[in-house]
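Here is a short briefing for a first look at one chain. Please keep the sequence and the 3D view open while reading.

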Amino acid sequence: MLLAFAFVFNTILVISAILIHYEVLFKLDRTLPRIAHLHSRYRVLIGVGVIFMTHVVEIWLFALGYFVTLQFPGMGELVGSSAGHGVFLDYVYFSFITFTTVGYGDFIAQGYVRYLTGVEALVGLLLVAWSASFLFIEMQKYWTDSRKLGAN
């Protein structure tokens with residue numbers, strides 16, 4: 001029963017994170033050309049800032065996922081040294097290092113919650129790569145345009 005809950009809940013978290021990311025990139029793709037009055041490099045900076053904040057929201061979503069999952073007895077626990085700022089902020093910190101695949105090792109997931117850490121690392125890798133690809137394409141569009149304008 002707990003394994004089924006972990007599978008369903010993790011699937012909901014993954015779909016939510018991917019949909020959030022998709023919608024933000026979709027809106028950025030529509031919005032950045034509309035703010036043509038800004039210099040092209042500022043449009044790229046806006047894109048970077050928005051995508052950074054999107055990653056932060058996704059990380060907090062997974063932190064909320066850890067919080068909910070670990071409320072159920074038998075789902076496991078996070079073992080490690082806490083910074084003393086509260087349990088939820090430990091989940092946020094753990095989510096940051098898992099999403100970015102840094103994995104310092106100062107917290108270790110045990111039990112069914114391990115599946116969430118694996119899924120989050122895979123999703124984080126995917127979404128960071130997606131963001132990098134999007135920004136690369138945007139930089140090619142806007143920086144190429146600004147070079148053409150500067151040459152004239």
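Is Asn10 buried or exposed? At 8% relative accessibility, Asn10 counts as buried, where buried means under 20% relative accessible area, exposed over 50%, and partly exposed in between (1.4 Å probe, protein chains only). The model is predicted: local features need pLDDT of at least 70, side-chain atom pairs count only at pLDDT 80 or more, and totals for chains, interfaces and linings use all residues. Residues are numbered from 1 along each chain as its sequence is written, and side-chain values use heavy atoms, with hydrogens and water left out.

**Overall build**

- The chain has four helices and two strands; helices (H or I, at least four residues) and strands (E, at least two) are DSSP runs, numbered from the N terminus.
- Starting at the N terminus, the order is α-α-β-α-β-α.
- The radius of gyration is 19 Å, well over the 15 Å that the globule rule gives for 152 residues, so the chain is more spread out than a compact globule. The radius is taken over C-alpha atoms, and the rule is 2.2 Å times the number of residues to the power 0.38.
- Along the principal axes, the C-alpha atoms fill a box of roughly 65 × 30 × 20 Å.

**Burial and contacts**

- Of the 152 residues, 34% count as buried.
- The chain exposes about 9,000 Å², and carbon and sulfur atoms supply 71% of that area. Areas come from the Shrake-Rupley method with a 1.4 Å probe; for residues, only the protein chains shown count as cover.
- Among contacts with a separation of 6 or more, 78% join residues 24 or more positions apart. Contact means heavy atoms within 4.5 Å.

**Helix α1**

- Asn10 is found in helix α1. Leaving aside neighbours within four places in sequence, Asn10 is in contact with Tyr115 and Leu116.
- Val8 also has its place in helix α1 (residues 2-31). At 46% relative accessibility, Val8 counts as partly exposed.

**Aromatic rings**

- The count comes to ten aromatic pairs. Rings of Phe, Tyr and Trp (its six-membered ring) pair if their centres lie within 6.5 Å; planes under 30 degrees apart count as stacked, over 60 as edge-to-face and the rest as tilted.
- Phe94 and Phe107 form an edge-to-face pair, 6.4 Å centre to centre with 75° between the planes.
- This pair links distant parts of the chain: Phe94 lies in helix α3 (residues 87-99) and Phe107 in strand β2 (residues 107-110), 13 residues apart.
- Both Phe94 and Phe107 are buried.
- Trp60, Phe67, Phe88 and Tyr91 form one aromatic cluster.
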